[in-house]
Amino acid sequence: MEIDSIVKEEFWRSVGAVYWIAFIAIGVLIMNDYLPIPISYAFPLALIPTVAHFLLMVWYRRKENLVDPNPASILRHALGSRRQRGERTEQRRAVVEKAVDAVLIVTILLIYLSASLTYAISQVFWFPVLIVVGILLARIVFTDGGVQRITVVRSVVFYLIAAGLLLLRYVVLGYPVAPLLQAIVLIGIVSFPILYIWERRRTSEGTN
């Protein structure tokens with residue numbers, strides 16, 4: 001990712017505000033026994049919404065060429081763009097489709113986790129749930145207006161959300177989280193440099 005003023009501004013906003021807000025929220029959930037994990041896990045878990053916020057804001061500001069870092073200006077621009085016609089109508093339709101997919105993901109996970117806790121169902125059912133959730137999540141992240149757009153940034157967002165869903169399952173069902181966190185970090189370290197090199201090569205070939 002090219003380091004420019006937008007990246008720097010969103011990095012410091014994410015580190016200075018979003019991370020600590022996420023940390024406090026997760027800490028409150030842990031202290032009130034909504035998340036049965038040690039409080040020390042709040043530090044790494046808070047990175048998931050922080051990184052997701054950083055990537056989303058950098059992508060949106062670059063896409064819309066928003067120089068003003070004021071959150072109110074960004075929100076006004078987002079709300080104003082929805083009122084435009086023509087191409088914006090298609091964008092709104094795409095947003096609705098993504099929202100429906102997100103609701104389906106949440107519903108499927110809630111049903112699965114509730115059934116696992118209440119009826120102790122076989123964890124074999126996790127595999128079809130994982131496949132369906134993965135397909136829906138891929139549609140949300142990689143599809144815009146029916147066109148697939150696979151980039152390193154979108155891949156990172158997909159990976160972080162998927163990792164967060166896996167962590168949620170482990171936490172709710174009482175499985176050890178530390179080995180999963182180590183695996184997530186290791187896979188990310190190995191995979192994303194390869195994806196970055198692939199995207200750079202594909203871009204250079206397209207330019208030529």
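## Reading salt bridges and helix packing

Guide: Let's start with a pair of side chains: Glu10 and Arg13 meet in a salt bridge, 2.9 Å from N to O. Keep in mind that this is a predicted model.

Visitor: Where do Glu10 and Arg13 lie?

Guide: Both are in helix 1, three residues apart, which is about one turn of the helix.

Visitor: Is Glu10 buried or exposed?

Guide: Buried means under 20% relative accessible area. Glu10 has 0% relative accessibility, so it counts as buried. Beyond its neighbours within four places in sequence, Glu10 is in contact with several residues, including His53, Phe54 and Arg61.

Visitor: What does Arg61 form with Glu10?

Guide: A salt bridge, with the closest N and O atoms 2.8 Å apart. Arg61 lies in helix 3 and Glu10 in helix 1, so the pair ties together parts that are 51 residues apart in sequence. Arg61 is also buried, at 0% relative accessible area. A network of salt bridges links Glu9, Glu10, Arg13 and Arg61.

Visitor: Now for helices: how are two packed helices described?

Guide: By the angle between their axes and the distance between the axes. Here, helix 6 (residues 126–142) packs against helix 7 (residues 152–173) at about 150°, with the axes 10 Å apart. Angles over 145 degrees count as roughly antiparallel, and helix 6 and helix 7 are therefore roughly antiparallel to each other. Their crossing is right-handed.

Visitor: Which residues meet there?

Guide: Among them are Leu130, Val133 and Leu137 in helix 6, and Phe158, Ile161 and Leu165 in helix 7. By class, this contact has 13 nonpolar, two polar and two charged residues.

Definitions and conventions. Residues are numbered from 1 along each chain as its sequence is written. This is a predicted model: local features need pLDDT of at least 70, side-chain atom pairs count only at pLDDT 80 or more; totals for chains, interfaces and linings use all residues. Side-chain values use heavy atoms; hydrogens and water are left out. Buried means under 20% relative accessible area, exposed over 50%, partly exposed in between (1.4 Å probe, protein chains only). Contact means heavy atoms within 4.5 Å. Axes are lines fitted to C-alpha atoms, for helices over the stretch in contact, and angles run from 0 to 180 degrees between N-to-C directions. Helices (H or I, at least four residues) and strands (E, at least two) are DSSP runs, numbered from the N terminus. Angles under 35 degrees count as roughly parallel, over 145 as roughly antiparallel, 65 to 115 as roughly perpendicular and the rest as oblique. A crossing is left-handed if the near helix is turned anticlockwise from the far one by less than a right angle, and right-handed if clockwise. Ala, Val, Leu, Ile, Met, Phe, Trp, Tyr, Cys and Pro count as nonpolar, Asp, Glu, Lys and Arg as charged, and the others, Gly among them, as polar. A salt bridge is a side-chain nitrogen of Lys or Arg within 4 Å of a carboxyl oxygen of Asp or Glu.
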